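Me: I would like to go through some labels attached to this model and ask what stands behind each one.
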Amino acid sequence: MTYTALPALSRAQIDAIEQEVNAIRKSVMDTVGQADVDHIRKMIHICRASEITGRALLHFGFGPVSWVTGVLALANAKVLDNMEIGHNVMHGQYDWTGDPRLNSQTFKWDIACDEEQWRHSHNVNHHTHTNILGKDRDFGYSLLRLSSEQKWKPRHLLQPLANLILALGFQYGVGSHDLEVGRYKYGKVSKEAFKSKLDRFLQKCGRQWFKDYLFFPVLSLWNAPRVLVGNLCANLIRNLWTYVVIFCGHFTEGVALYRAEDCRNETRGDWYIRQLTGSSNLSGSRLFHIMTGHLSHQIEHHLFPDMPAHRYPEVAPQIQALCAKYGLRYNTGSLWKQYSTVLKRIFMHSLPSRAAPARA
Amino acid sequence: MNTASSISGEWHNAQRAWLRISRRLVHWLEQPLVSAMMRRSAVDDVLSALHPLLSLSEVRARVVSVKVETFDTKTLMLQPNSHWQGARSGQFVRVQVEIQGKRHERAYSLSSAEGTGTLAITVKRQGLVSQYLHDNVKPGAVLTISQASGTFTLPNEDQQPLPERILLLSAGSGITPVMAILRSLHAQHYMGDVVFVHMCSNESDLIFSAELKRLQGQMPRLTLATHFSQIHGRLEPSRLRAIVPDLEHRSTWMCGPGAWMDRMHDYWQTELPAAALHSERFGSPPRMMVAVGDPAEISCTTSGRTFTAAGGDTLLVQAERAGLAPKHGCRMGICASCQCVKASGSVQNLVTGEVSSAANETIRLCISAARSDVTLAL
């Protein structure tokens, strides 16, 4: 993969794109109101009902059928909490309501990741430096080599295995991401800063383990093993699902990569183009979109991170039309198609690149 | 009789038990391990689903009845839940409503006297929230309100006796807390001399007119004087002096529009320095807007700092220049890290161009520029 050659756009065209995207944003944000709050509250109620049902089935049920349905219901709750609710609320998409339960700075979610650290690595770092190699730490999660521009190291040979382990324990990958272990090892992060972040991460992990692997199993007395394994499987399902969806956002074939020097003095129009070309979508049903937390609309999410996510399908056709007008690629496809290109990237770049990377 | 009082006695005990239980629950839900397993908001939602007045700590009140006072004023009679801690006459509550998904809060003086089980707020239809209360709130609706607060009250009887001569002075919707005080004086059989002076546009604009006439009959030492500005112009201090000759011997409770009260305050300060004057100001005075780039004073309540914002730079840059270090992230308005509550003042969103002057509004410092003096929770 090389730095993608973008269609040559004049400054006037980039400015025009900026105006058009701003207009699309305004047309939705002006209409944000009761229906949007009702939607997120409905998601929260479904999530809670699903969690209560799932845990009740695991606690009080006997036999495999109640166990499987319990695990699925609990996994459903965890996925909704992580994606449609947690990710979107913490992006500030509902701060305008003034409802303290929907405030991005105080929301708490059910994964082993400290909320403040996530907001820093995701909202501040990833969304500002999207797909800038060397600055966007989400690209490969400091673990995987995904492009030929990244330097190959012998450990990358093992990256298919690393990828599997990351997928299975994805919540811990997300949780430890802001620790910036690599930078700490190279002395770029002070010991105090690292220690305080590590403490918060471990504290959150501790609370999650207490809840899922000690409190609830013990509470169910003789059903403890069933509940313990059930909670483990529900977490696993959530990890795998969020891993697949998130990896399909920026690691598919055709996403643009940028160099830091090319992105200095970016206008908002430039920023929009980088967000658009650096992201990829997934196609599917309305239910599919909700279960991905509307990260299936990664392009729209990166253009409008603080727009209530369930409005992305509304603007998608307009963004597609904009791409067609200016010759930009609107990267979308089915889950299988997109994920297979991600896997291809992981395998391909576990080996050293054959030729020197061609510059665009 | 016995059964009724024993039922109400039991109900009273149940309410007190609930208060104890809910306080305990709130304490437990705040422990980190417990809150990891069960969110307080989840418990609150379950309680609300069981009964709209049930809450862990919020005061909820059911609208018992709505009374039309004048063509643009209504009184809502409210029955609060057990979290209500009572109010002194003259105090106000903040009423919270959700309009088009967004929460708004406004303070309304209680027009009911203290000690009555039912609360009354008298709302004049003039802004976003009052229009919503007029148009959408019917008997049976449940509102979330704050506990009572405010210092515009009669002196505490245990601490000092009531003054012998009282002047109640109000204008427009300022009659609401003053009416509560008058009702309270009536309820406690106050034997002193009360003069009630009220200014409004005309006769049809006089809120509580029927009740005031009735109280005149019931309170022999109550003198009522109404001043209609459409006929006699605004009530000036000189005119007030003519109506109430012994002004300097009276303790006065005053409530009305800011500018009018300012004039009264000045008069009292110069002519009647020894006379006691209590007043209630509704909301903070509106700030003067400045042109782009003109200096504006930024007051930070948390740090206690004040600085001048000059030029058109964002509040984040201005605060950093002044030596503060507000939390920030992307510095381009997308990550919400720099968001901060603007208590009052006008700011312009430099991305959308929108100017907003709402009180207690959350703004993003990195894309907002001051367009008037601003108070921030920074």
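Reply: The model is predicted: local features need pLDDT of at least 70, side-chain atom pairs count only at pLDDT 80 or more, and totals for chains, interfaces and linings use all residues. Residues are numbered from 1 along each chain as its sequence is written, and chains are lettered from A and ligands numbered from 1 in the order in which they are written.

Me: What makes α3(A) bend, and at which residue?
Reply: The bend at a residue is the angle between axes fitted to the seven residues ending there and the seven starting there. For α3(A) that angle is about 35 degrees at A:L80. Helix α3 (residues 64–90) of chain A, with 27 residues, still reaches 36 Å from its first C-alpha to its last, close to the 39 Å expected; the expected span is 1.5 Å times one less than the number of residues. Helices here are DSSP runs of H or I with at least four residues, strands are runs of E with at least two, and both are numbered from the N terminus.

Me: Why is α3(A) called mostly covered?
Reply: A residue is buried if 20 or more other C-beta atoms, placed from the backbone, lie within 10 Å of its own, exposed if 12 or fewer, and partly exposed in between. In α3(A), 20 of the 27 residues are buried.

Me: How do you know whether B:K138 is buried or exposed?
Reply: B:K138 has 10 other C-beta atoms within 10 Å, and is therefore exposed. B:K138 lies in the loop between α4 (128–136) and β6 (142–145) of chain B. Not counting residues up to four places away in sequence, B:K138 touches B:V63 and B:V66; contact requires C-beta atoms, placed from the backbone, within 7 Å.

Me: Which residues of α1(A) meet α13(A)?
Reply: A:Q13, A:I17, A:E20, A:I24 and A:V28 in α1(A) meet residues of α13(A), including A:L322 and A:Y326.

Conventions: Contact = placed C-beta atoms within 7 Å.
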